[in-house]
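Here are my notes on the model, as numbered points. Please read them with the structure open.

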Amino acid sequence: NNNGIWYLLGENDDKLKSFTFSKIKEFSWTKESKIFIPKKEFLNKIFENDTNWFSQELIEVVLEINNTAKEYFFRKDTLPNKQILEQKENYFTVSTKVSYDDEILRVVKYWMPYIKIVFPLYLREKFNNILEDYLKEIKNKD
């Protein structure tokens with residue numbers, strides 16, 4: 001469950017994938033035994049996963065966070081798999097791993113202007129484009 005949306009983890013083409021319950025239209029059980037035995041390698045991946053979402057491929061993100069918000073990020077488990085890379089007088093740099101772009105973009109939107117995406121560049125550009133589009137839309141409404 002993530003924000004009221006329920007997900008199902010399942011095997012598809014020998015890969016572990018997540019499915020949104022509301023988007024599942026048909027389900028069929030192909031095994032005659034009707035007994036489900038999960039693959040140990042999949043269970044290990046699920047238990048090792050420390051993100052809010054599940055994906056086979058994790059995206060490493062480096063963030064620069066103003067020390068004004070430092071207490072919150074240390075007290076709350078906002079960033080999965082976080083590792084502090086550097087601590088400066090006014091900010092600290094942290095590395096985290098996420099499953100989807102939107103997983104980190106929501107955090108950055110919520111905490112701006114106290115947080116900046118350092119890496120990957122495509123994600124920083126994507127966030128800048130979101131902000132530019134938002135500002136254009138507001139300007140056009142005035």
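1. **Isoleucine 104.** Start with isoleucine 104. Beyond its neighbours within four places in sequence, isoleucine 104 is in contact with Val61, Leu63, Leu79, Thr96, Val98 and Leu123. Contact here means heavy atoms within 4.5 Å.

2. **Basis.** The model is predicted: local features need pLDDT of at least 70, side-chain atom pairs count only at pLDDT 80 or more, and totals for chains, interfaces and linings use all residues. Residues are numbered from 1 along each chain as its sequence is written, and side-chain values use heavy atoms, with hydrogens and water left out.

3. **Fold.** The protein chain has 4 helices and 6 strands. Both are DSSP runs numbered from the N terminus: helices are H or I with at least four residues, strands are E with at least two. Along the sequence the pattern reads β-β-α-β-α-β-β-α-β-α. Among contacts between residues at least 6 apart in sequence, 56% join residues at least 24 apart.

4. **Burial and surface.** Of the 142 residues in the protein chain, 25% are buried. Buried means under 20% relative accessible area, exposed over 50%, and partly exposed in between (1.4 Å probe, protein chains only). The accessible surface of the protein chain comes to about 10,900 Å². Carbon and sulfur atoms hold 51% of that surface. Areas come from the Shrake-Rupley method with a 1.4 Å probe; for residues, only the protein chains shown count as cover.

5. **Core.** Which residues touch the most other members of the largest nonpolar core? They are Leu63, Ile65, Phe73, Leu79, Ile104 and Ile115, out of 18 residues. Strand S3 (59-66), strand S5 (91-98), H3, strand S6 (115-119) and helix H4 (121-141) each supply at least two residues of this core. H3 gives the largest share, 5 residues. A nonpolar core is a set of buried Ala, Val, Leu, Ile, Met, Phe, Trp, Tyr and Cys residues joined through side-chain atoms within 4.5 Å.

6. **Helix H3.** In H3, the buried residues are Asp101, Glu103, Ile104, Leu105, Val107, Val108 and Trp111. Note that Asp101 and Glu103 are on that list. The buried residues of H3 pack against S3, H2, S5, S6 and H4.

7. **Aromatic pairs.** The structure holds 5 aromatic pairs. The rings of tyrosine 72 and phenylalanine 73 have centres 5.7 Å apart and planes at 90 degrees, so this pair is edge-to-face. Tyrosine 72 is partly exposed at 24% relative accessible area, whereas phenylalanine 73 is buried at 1%. Phenylalanine 73 also pairs with tryptophan 111: centres 5.4 Å apart, planes at 55 degrees, so tilted. Phenylalanine 73 lies in helix H2 (residues 70-75) and tryptophan 111 in helix H3 (residues 101-111), so the pair ties together parts 38 residues apart in sequence. Tryptophan 111 is buried, at 15%. Ring pairs link Tyr72, Phe73, Tyr110 and Trp111 into a cluster. The cut-offs: rings of Phe, Tyr and Trp (its six-membered ring) pair if their centres lie within 6.5 Å; planes under 30 degrees apart are stacked, over 60 edge-to-face, the rest tilted.

8. A search of the whole structure finds 5 salt bridges. Each needs a side-chain nitrogen of Lys or Arg within 4 Å of a carboxyl oxygen of Asp or Glu. Glutamate 64 and lysine 116 form one of them, at 3.7 Å, N to O. Glutamate 64 lies in strand S3 and lysine 116 in strand S6, so the pair ties together parts 52 residues apart in sequence. Glutamate 64 is partly exposed at 22%.

9. **Further salt bridges.** Glutamate 86 and lysine 88 form another salt bridge, with the closest N and O atoms 3.4 Å apart. Glutamate 86 is partly exposed at 33%, and lysine 88 is partly exposed at 41%. Glutamate 137 and lysine 141 meet at 3.9 Å, N to O. Both lie in helix H4, 4 residues apart, about one turn of the helix. Glutamate 137 is partly exposed at 48%, while lysine 141 is exposed at 66%.

10. **Surface patch.** Tyr134, Leu135 and Ile138 form a nonpolar patch on the surface, with about 310 Å² of accessible area together. Isoleucine 138 is in helix H4 and is partly exposed at 35%. Patches take residues with over 30% relative accessible area and no salt bridge; like charges are joined within 9 Å, nonpolar side chains (Val, Leu, Ile, Met, Phe, Trp, Tyr) within 5 Å.
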